[in-house]
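Dear colleague,

I am handing over the structure that we talked about, so that you can look through it yourself. Please open it first and keep it beside you while you read the notes below.

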Amino acid sequence: MKSTRDAYGEALVELGKSNKNVVVLDADVSKATRTKKFAEQFPGRFFNCGCAEQNMMGVAAGLSLTGKIPFASTFAVFATCRALDQVRNTIAYPRLNVKIVATHGGITVGADGPSHQSLEDMAIMRAIPNMIVIVPADAIETKKAVKESVKYEGPIYIRLGRAEVPIVTNKDSPFAIGEANVIQEGDDITIIACGIMVAVSLEAAQLLEKEGIKAKVVNMHTIKPIDEDLIIKVARETKAIVVAEEHNIIGGLGSAVAEILCNKIPTPFEQVGMRDTFAESGKPEELLAKHGLTANTIVDVARKVLKSLKGCLIIEKKS
Amino acid sequence: MVNRAKIIKDLQKKARIIRRDIIQMLYEAGSGHCGGCLSSTDIVTALYFHHLCYKPDNPDWPERDRFILSKGHCVPLLYAVLAEGGYFPKGELKTLRKIGSHLQGHPDMRKTKGVEASTGSLGQGLSIACGIALGGKMDKKSYTVYALLGDGEIQEGQVWEAAMFANHYHLDNIVAIIDRNRLQVDGPTNKIMTIEPLVDKWKAFGWKVITIDGHDMSQILDALEKAKETKDRPTVVIANTIKGKGVSFMENQVNWHGKAPNKEEAEKALSELT
Ligand SMILES: Cc1ncc(C[n+]2csc(CCOP(=O)(O)OP(=O)(O)O)c2C)c(N)n1
Ligand SMILES: [Mg+2]
């Protein structure tokens, strides 16, 4: 178990050593985002902007214009909502080489409550032209994502979490922006997930297995550009698709997958996510349970969608 | 001093050319912002034809001074000086705001040579300037970053975030210029949302403040020199101006903020700008 924000802090320090152009900005939450580690190692390349997220995004834009590779960090809700116009007009529109790495995505922020939980950041960032959106599944993948982000010249949004989450990838797991990974094979149903829901999906797949249902699990770490080819492939190989995300069911990974399915290969489809509601204060596990972001919900939904297919023509059409 | 008198005379002549270009462009485009272009013309002319270091044939020259047009709606003025300065042919000015043109309705750094930042959403240019100035400091560059802001624009909270930032990081390589033309879209700034006491505000934020008549070339040049010499803190030049300056029927008229002249109005304006 390890939080993705902890991995981010470590990745930044490693990057800082190998790449002198990397600079880091934070808006008075560097302890929480873990950028503090970089600040301690490279004080001359770390700039705290104070509680001023909008200015931070503009400063990041300016730094990128001088050849620096700025990482701008704060909580997901502030990076994407408070500073949205700055991200859109000043970073994304001119395609500037700014990496926005936001922690505290989702409801596993926990006790701080809805003002600090982020349910819509993926939807918002995904809708902005030129923006790449990455949601790593665990600490190991976070490090890879952060390091890969520097090889791409342009704006990237990386969503990380506060809570400790299980490790589901290993150092040999492939990571390429825009190329999703099948992390478990199965031919009855596909579960597509990102972030912390990848681990939950693997757990669900095990439960389904006991009932004789073989679930394929896809780690869709890049929300945009979404891996269209893989979605079409798994839609062909299995009978239905369930998407699981720690995000509103409007606009996030579920929507991104649905767009491909509807356009290219209509497929029975279900979503597990926040059902267009704010959460509340509580422990991460309690909140996940209360809002159905659990393996059991995925199992229920998978069963339901498969049951609805009994005798349905669409199954024949696909094979 | 003879030399200086000639410099000033030449700049005044240049400013007239730029004002004519603005009127012509806006007439051709059929839409755009007259008032704020004309109020800033003398300042921006002084910058581009006397003060700034730049190479039109090498727009990315790392040592160049940077000019950020934070009040992006006044981009016709920027296009006019860039064309006059040799970044692109003047004939292209008439494509302003037309489909397929590299001259967008607001600045697009990816489309237009010489445009340093994409702006248009007010209140953001000073933050960008801070980032460029900070990068310049890190790399020990000697360039200066200039940002032109509107007096209505500074009602945006982000401007004050940036003002704090520039002071905190001792960005003495930043010069903000405020076009104090006393008008915004809906009326006079003092009626819509007062920004006074303006000098005290910037002083309180730790900036050196220079107040000038923004149409007096001599005062403009002096202010830019003084700003450049200032050490340890950023400078703001508050330039008192007349919105629509140079065209009698546009001067101080709030209606001419976001309007283009028709044929008759353009002819009349041009006849006053000879
Ligand atoms: C964030 C944002 N809000 C609103 C506008 C619309 N707008 C364009 S110009 C303007 C008024 C600007 O007034 P001022 O800064 O005084 O400009 P000037 O008088 O120099 O033209 C407004 C509200 C905008 N471009 N950006
Ligand atoms: Mg004004």
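Predicted model: local features only at pLDDT ≥ 70, side-chain atom pairs only at ≥ 80, totals over all residues.

Residues are numbered from 1 along each chain as its sequence is written, chains are lettered from A and ligands numbered from 1 in the order in which they are written, and side-chain values use heavy atoms, with hydrogens and water left out.

I begin with the interface. Chain A brings 25 residues to the contact and chain B brings 25 residues, where contact means heavy atoms within 4.5 Å. The area buried between the two chains is about 2,000 Å², and carbon and sulfur atoms give 57% of it; buried area is the accessible area (1.4 Å probe) that two parts lose on being put together, summed over both. On the side of chain A, Asn55(A), Leu65(A) and Tyr93(A) lose the most area to chain B, together 25% of what that side buries. One salt bridge is counted between chain A and chain B, and in it the side chains of Asp139(B) and Lys68(A) meet at 2.6 Å, N to O. The term salt bridge stands for a side-chain nitrogen of Lys or Arg within 4 Å of a carboxyl oxygen of Asp or Glu.

Over all chains the count comes to 33 salt bridges. In one of them, Lys143(A) pairs with Glu14(A), with the closest N and O atoms 3.1 Å apart. Because Lys143(A) lies in helix α8 (residues 139-151) of chain A and Glu14(A) in helix α1 (residues 4-18) of chain A, the pair ties together parts that are 129 residues apart in sequence. Helices (H or I, at least four residues) and strands (E, at least two) are DSSP runs, numbered from the N terminus. Glu14(A) also meets Lys147(A) in a salt bridge of 2.4 Å, N to O. A network of salt bridges links Lys2(A), Glu10(A), Glu14(A), Lys143(A) and Lys147(A).

Finally, there are some backbone details to look at. Most residues other than glycine have a negative phi, and most peptide bonds are trans. The peptide bond from Lys224(A) to Pro225(A), however, is cis, with omega near 0 degrees, and Pro225(A) lies in the loop between β12 (222-224) and α10 (228-237) of chain A. His104(A), a residue other than glycine, has a positive phi near 65 degrees, and at 3% relative accessibility His104(A) counts as buried.

With best wishes

Terms used:
Buried < 20%, exposed > 50% of the residue type's maximum accessible area, 1.4 Å probe, protein only.
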